[in-house]
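This report walks through one protein structure for someone meeting it for the first time. Please keep the sequence and the model in view while reading.

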Amino acid sequence: MEVVPEKQQENATWLVTEFLLVGFSNLPDLRTTLFALFFLTYLVTLSGNVTIITVIHADRTLHTPMYRFLAALSLSETCYTLVTIPNMLARLWMENQAISISGCRAQMFFFLGLGCSHCFLLTLMGYDRYVAICHPLRYSVIMRPTVCLCLGALVFCSGFSVASIETSLIFSSRFCRSNRVEHFFCDIAPVLKLSCAESASKALAIFFLSILVVLISFLLILLSYAFIVAALLRIPSAAGRSKAFSTCAAHLTVVIVHFGCASIIYLRPESGGNPDQDRLVAVFYTVVTPLLNPVVYTLRNKEVRLALRRILARSHVILK
């Protein structure tokens with residue numbers, strides 16, 4: 001059996017068997033500070049999401065579709081951060097920049113799968129608010145548990161199906177231009193640049209697929225809120241309108257931040273861009289945005305805050 005060397009020279013190019021994640025290697029003096037900052041942020045994010053999941057599971061008053069979808073969103077956020085942040089922290093701490101191609105492919109698959117699922121889940125949450133406000137008498141029938149379970153399964157199956165297509169497109173050919181990935185994790189654009197084959201057609205296919213995921217999801221959310229606003233305008237009292245819309249405020253905040261970042265990174269026809277700017281935006285949507293979600297949903301949601309107080313009060317009584 002012929003043994004294929006790890007690297008072989010072919011037409012003055014090197015076939016790559018592993019990547020080097022550049023990450024923050026251009027900021028050696030800030031490694032310790034960045035590690036401490038990202039680590040503390042990650043701990044707060046994990047704590048916030050775990051708290052939301054625990055509160056919703058423990059308090060029966062929150063066993064409604066709206067809060068079950070919120071628990072699914074928190075679980076998705078937790079897995080989403082697990083894909084990138086621990087790896088980034090390890091590389092900041094140990095200065096080991098290498099990652100195998102199979103490891104890079106797995107990281108990209110789960111990152112894209114959870115990211116797409118996140119878009120679809122936010123769309124589903126918008127639909128849930130539309131049914132609750134526009135069809136309140138039929139809400140329990142339309143959003144019954146079996147329907148919610150099927151919709152939730154469809155969200156994640158669709159998200160990972162899109163991720164499978166995009167990942168297969170990117171890793172369908174070998175890499176030979178360089179082994180340096182100008183990022184702190186395996187994202188689409190910096191990996192696609194290293195492909196031996198002509199990547200323009202792949203970039204265009206991925207661009208249009210990203211358009212389908214991001215733009216269609218966002219338009220469906222806008223459609224839901226168009227119907228919601230129309231329904232709210234028919235409510236005679238300002239207090240009634242405010243109470244009805246208050247359940248949407250946190251969701252809208254998360255939608256704006258999530259889709260804003262996704263649009264900046266993925267809705268570009270060219271895979272160029274400034275690597276330093278891309279890394280800065282990536283830090284925002286992989287580190288800051290997951291922190292923002294539990295903060296928004298706990299501080300702006302009265303029912304979650306009350307449920308948390310009830311659980312803490314019960315725990316205090318039991319400990320006594």
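Cys176 has a relative accessible area of 13%, so this residue is buried, the term buried being kept for values under 20%, exposed for values over 50%, and partly exposed for those in between, with a 1.4 Å probe and protein chains only. The model is a predicted one, in which local features need pLDDT of at least 70 and side-chain atom pairs count only at pLDDT 80 or more, while totals for chains, interfaces and linings use all residues. Residues are numbered from 1 along each chain as its sequence is written, and side-chain values use heavy atoms, with hydrogens and water left out.

**Disulfides and other cysteines**

A search of the whole structure turns up two disulfides, a disulfide being a pair of cysteine sulfur atoms within 2.5 Å. The two are set out in the table.

| Disulfide | Sulfur to sulfur |
|---|---|
| Cys104 and Cys186 | 2.1 Å |
| Cys176 and Cys196 | 2.2 Å |

Cys176 lies in the loop between α5 (145–170) and β5, and Cys196 in the loop between α6 and α7 (200–233), so this pair ties together parts that are 20 residues apart in sequence. Helices (H or I, at least four residues) and strands (E, at least two) are DSSP runs, numbered from the N terminus. Cys196, at 30% relative accessibility, counts as partly exposed.

The link of Cys104 and Cys186 is left-handed, with -125° about the S-S bond. This pair links distant parts of the chain, 82 residues apart, with Cys104 in helix α3 (residues 101–134) and Cys186 in the loop between β5 (180–181) and α6 (188–192). Both Cys104 and Cys186 are buried. When bonded cysteines are counted along the chain, the disulfides follow the pattern 1-3, 2-4.

Cys119, by contrast, is in no disulfide, and the nearest cysteine sulfur, that of Cys116, is 6.3 Å away. With a relative accessible area of 4%, Cys119 is buried, whereas Cys79 has 32% and is partly exposed.

**Thr286 and its surroundings**

Thr286 has its place in helix α9 (residues 275–299) and, at 1% relative accessibility, counts as buried. A polar atom of the Thr286 side chain lies 2.5 Å from the backbone oxygen of Ala282. When residues up to four places away in sequence are not counted, Thr286 touches Tyr80, Thr81, Thr84, Ile85, Phe111, Phe184 and Phe185, where contact means heavy atoms within 4.5 Å.

**The largest pocket**

How much space lies in the largest pocket? The volume is about 450 Å³, taken as the space filled by probe spheres set on grid points that are joined across faces, edges and corners. A pocket here is an open set of points on a 1 Å grid over the protein atoms alone, where a 1.4 Å probe fits, with protein on both sides within 12 Å along at least five of seven lines, and lining residues have an atom within 4 Å of a point.

The largest pocket is lined by 21 residues, of which Met66, Tyr67, Ser246, Thr247 and Glu303 are the closest to its centre. At least two lining residues come from each of α2 (65–94), α3, α8 (238–266) and α10 (302–319), and α8 gives the largest share, six residues.

**A pair distant in sequence**

Ala230 has its place in helix α7 and is partly exposed, with a relative accessible area of 31%. Ala230 and Cys134 are 96 residues apart in sequence, and their C-alpha atoms are 8.9 Å apart in space.

Conventions:
Polar contact = N/O pair within 3.5 Å; in protein donor to acceptor, adjacent residues only side chain to side chain.
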